[in-house]
Amino acid sequence: MSRGVIQPSQQKLAEKLTILNDRGIGMLTRVYNIKKACGDPKAKPSYLVDKNLESAVKFIVRKFPAVETRNNNQQLAQLQKEKSEILKNLALYYFTFVDVMEFKDHVCELLNTIDACQVFFDITVNFDLTKNYLDLVVTYTTLMIILSRIEERKAIIGLYNYAHEMTHGASDREYPRLGQMIVDYENPLKKMMEEFVPHGKFAYSDALVSLQMVYPRRNLSADQWRNAQLLSLISAPSTMLNPAQSDTMPCEYLSLDTMEKWIVFGFILCHVALNSDAAALSLWKLALQSSTCLCLFRDEVFHIHKAAEDLFVNIRGYNKRINDIRECKEQALGSMHRERRKFLRSALKELATVLADQPGLLGPKALFVFMALSFARDEIIWLLRHADNIQKKSTDDFIDKHIAELIFYMEELRAHVRKYGPVMQRYYVQYLSGFDAVVLNELVQNLSVCPEDESIIMSSFVNTMTSLSVKQVEDGEVFDFRGMRLDWFRLQAYTSVSKASLGLADHKELGKMMNTIIFHTKMVDSLVEMLVETSDLSIFCFYSRAFEKMFQQCLELPSQSRHSVCFPLLCTHFMSCTHELCPEEVNTHMHTKTHLSLCNMFLDEMAKQARNLITDICTEQCTLSDQLLPKHCAKTISQAVNKKSKKATGKKGEPEREKPGVESMRKNRLLVTNLDKLHTALSELCFSINYVPNLIVWEHTFTPREYLTSHLEIRFTKSIVGMTMYNQATQEIAKPSELLTSVRAYMTVLQSIENYVTIDITRVFNNVLLQQTQHLDSHGEPTITSLYTNWYLETLLRQVSNGHIAYFPAMKAFVNLPTENELTFNAEEYSDISEMRSLSELLGPYGMKFLSESLMWHISSQVAELKKLVVENMEVLTQMRTSFDKPDHMAALFKKLTSVDSVLKRMTIIGVILSFRSLAQEALRDVAMNVYELSSAAGLPCEIDPALVVALSSQKSENISPEEEYKIACLLMVFVAVSLPTLASNVMSQYSPAIEGHCNNIHCLAKAINQIAAALFTIHKGSIEDRLKEFLALASSSLLKIGQETDKMTTRNRESVYLLLDMESPFLTMDLLESCFPYVLLRNAYHAVYKQSISANA
């Protein structure tokens, strides 16, 4: 059991390296956050910017690390007041610096132990030991550099200590050492160069020089990669199924960036090796030519050439080294990296395509996948780092518009590994049990010396691998080889010290075999960790401006837009950048908001871009649909007619108008129209949006397709309203039929989106079109329902009231009348059957219901005014109601009535509105044949209009009794009946057979009387038939009296007015009309007006 004076198992080198490396990353995270907080005026500790403490802080920094509290009471007086708050709020900062000091102590102790043990290091043999050793040195160096970059470190430590002394009467026990460390490491690299003189003689320089077997062959040009057909699965089809093997498996996917940090910092600290070892100098030069700056931690960088030159310039005899640095700086161009990225784009595309088709190859060729990911990650990070930190000589080398493509293929490979993990597990479980276990067993058996401890560990390796079976994979058993890997790490430590019974330096085959086995175990239980190790790009979250710029460049280039999804996918990496030693990064969401807003912004911009393309396509399609509208055929018909009659067709040389459909004729397949370009760009972008159903960032789930759906809904809503072309100033609006054509064209394009993206476009239609049937949409904006309702009420029907438009029953439309002031629109083009049907289709039953309710509101306001007029004339009307058989008395009473014309005009307006409503209801019935809510809501006719009943019933006055209301309703019918004769004197009351109505719309009175009577007496529970009989008796009596008049002016349109009694009513019979007003008079009246019409036309 004896191992000499120092027993490696007691030193626990493997355990210490593992723990210190992890702790080092945690300390880096905390120190980095302190640096960022101190650099941000908003996050900086308030005591550092407090004007009252300014003189105290300056005094402390000037005297640092000395403590003088006695003779400076005036300067430190304010500090005395706030000492407890300072202790409380600066404790986290202060003890972080104390932790850094303790970490430094532990690292120095471990490095001395390793030197004392004379450990053998070779990256190709004891990989884990060498890697962890080199990582620890770099982490330690990085930590001290970043610590020295915190400008406020002396102020923070000094403030805390002064507050501690004022509170407890003595300095903090850690302060003297901590203060000295801060002073010593003012120039960290210079101090560490002195520290590392003993370490550089043996172990450290050996570890670095062992990289000559790995780094030079990893740092090759793209041409060399291309000639070697690197990463190609199809270059040698016969070996496609052979497992990808190497003596240095873990070195194949080791980060180039990591190796460069090892070399640069290693040979700065152990610079003596550069003068004595040609291999060391070769590695140093190669690293200096590869990069101009290195990543220290996150977005903190180290400018290699300047820092190295500044350090070496003060060392005697280093002029040659300084010249080497300057030469390498000149050679450190970005062209080599640009060509590498170009090669990797095609190599990763090929790899991803082959593996998508044959995922079984992920087993034997897993190494290729992780190599590809690692190579690509190195190049992407190099570009990100240099583009942000270098004063660019050649801009092209630092701007890569195709970087999205490379990241996208990386994401594809990552997705393959995650998806086909079980395939890889099956392969490597069999590999471990069937091959690795056998070979390792033979190697162990052939060892000339194998101490007990080592023998036990290696036997456990063989037993663990032999016990594996495919059934475990099929049963979904969770594998865990972490213990085995840690045992191998321990074994490396035991067998790498000097005077070890079993020296790994003498049994390199064992080391290489075990490194291969460790890789195979990772393929079974650590695929996710391997993906993080080789392809984690969480560093992007610390370069948000560069990240956004790359995204914008990607969207601007149509050929790259299909890869734009890689940017939101990169946001899923960000969760791996935190550390458990800095829990506030997760708990206080220090970075979460930024990461979520980035992902949200990327998806939103992608959806906006797609929406804009779709909108452009819709605009083009609407233009094409517009060409097919009937109004555009007039010119074609005119040309055809003129051609037949051989008339001149206007100006000579006038270009012939292109017929619709010409755009589809192609003489050459290479001709690309604007629409073609739009469709291509859309299909590319939609591929990206459709690439993943959802992605998770910081426990928030993002669904790319929902972003597109949301944007399409908003744009479709705006477009529909926009296509109405409503102008409030001029009261212009698009014809319903034209809007319907445009909406259908728009919907056709939107429906085609389902060919590109898996979204439910029907849901978009339902959401948008149903909202358009309401008065306001979900954003409180006006809809086509409110716009058209407003236009028909305020523009078309108002002009009817003004006498500029008449309702023509024969045409079932409103028509412009010839007047002095011509209207800006043709009423017939907005109110004929086809337009009303289009309106019904656009507004739907709900929209038409709203239109109907608006019409009813106008009717109810007219009825309210009529009731007021009835109340004014109530006494006279009450007498007239019972005196219709006394002509002389009636004539006298009639002269006492006021506002007779107003009553007839208001009733005519009501009739016009009801006529328009019946047109709308009929159109709705034509397009929607199903019963919807109440029958009237679907356009089905009712004897008593329920909408009118609802509108009028809401008018009941609190001050008037129901009996009084009923009386007013009865007298209203009386008022209208006795007022009819006055219409005969109106020149506009002449009946026109052509339109089957009167130019002043009095033919609408019949509808108004029927509907108003039905509604009012339904509300007051009276008999509609009795009241209409009374109206008929009064009206016929009044009209018959006109026949006895001798004044021609008073009776000029007597026959035309007689025709008003020829009204169809569901409540009255022809027999009743005959008894009141003989039909022979109506027949004679019709004969007279037709005869008059013929003579007028002649």
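Student: Which way do the residues of strand S5 (residues 805–808) point, and are they buried or exposed?
Tutor: Ile-805 and Tyr-807 point one way. Ala-806 and Phe-808 point the other way. All four of these residues are buried. Keep in mind that this is a predicted model.

Student: What makes side chains alternate like that in a strand?
Tutor: In a regular strand, side chains alternate between the two faces of the sheet.

Student: How do you know that S5 and strand S6 (residues 813–816) pair?
Tutor: Count the bridges. Two strands pair if there are at least two bridges between them. S5 and S6 have four, in the antiparallel sense, so they pair. Within this pairing, Ala-806 stands opposite Val-815 of S6. The two strands form a hairpin, with four residues between them.

Student: Why is Lys-812 called partly exposed?
Tutor: Its relative accessibility is 30%. Buried means under 20% and exposed means over 50%. The value 30% falls in between, so Lys-812 counts as partly exposed.

Student: And Trp-698: is it buried or exposed, and how do you know?
Tutor: Its relative accessible area is 11%. The cut-off for buried is under 20%, so Trp-698 is buried. Trp-698 lies in the loop between strand S3 (695–697) and strand S4 (700–702). Its phi is positive, at about 50 degrees, although Trp-698 is not a glycine.

Student: How do you know that strand S1 (residues 293–297) is mostly covered?
Tutor: Five of its five residues are buried.

Student: What joins S1 to strand S2 (residues 300–303)?
Tutor: Four bridges join them, and the strands run antiparallel. At least two bridges are needed, so S1 and S2 pair. Cys-295 stands opposite Val-301 in S2. Two residues lie between the strands of this hairpin, and Arg-298 takes a positive phi near 55 degrees.

Student: Why is Thr-789 called buried?
Tutor: Its relative accessibility is 4%. That is under the 20% cut-off, so Thr-789 counts as buried. Thr-789 lies in helix H37 (residues 784–801).

Student: What makes the approach of Thr-785 to Thr-789 a polar contact?
Tutor: The backbone oxygen of Thr-785 lies 2.6 Å from a polar atom of the Thr-789 side chain. The limit for such a contact is 3.5 Å.

Student: Why does Gln-621 count as partly exposed?
Tutor: Gln-621 has 24% relative accessibility. Buried needs under 20% and exposed needs over 50%, so 24% counts as partly exposed. Gln-621 is found in helix H31 (residues 592–627). Not counting residues up to four places away in sequence, Gln-621 touches Leu-675, Ala-745 and Val-749.

Student: What are the angle and the axis separation of helix H19 (residues 335–357) and helix H20 (residues 366–389)?
Tutor: They pack at about 145 degrees, with axes 10 Å apart. H19 passes H20 in a left-handed crossing. By class, their contact has eleven nonpolar, one polar and three charged residues.

Methods
Residues numbered from 1 in each chain as written. Predicted model: local features only at pLDDT ≥ 70, side-chain atom pairs only at ≥ 80, totals over all residues. Heavy atoms only, no water. Axes fitted to C-alpha atoms, helices over the stretch in contact; angles between N-to-C directions. Left-handed = near helix turned anticlockwise from the far one by under 90°. Nonpolar A, V, L, I, M, F, W, Y, C, P; charged D, E, K, R; others polar. Buried < 20%, exposed > 50% of the residue type's maximum accessible area, 1.4 Å probe, protein only. Polar contact = N/O pair within 3.5 Å; in protein donor to acceptor, adjacent residues only side chain to side chain. Contact = heavy atoms within 4.5 Å.
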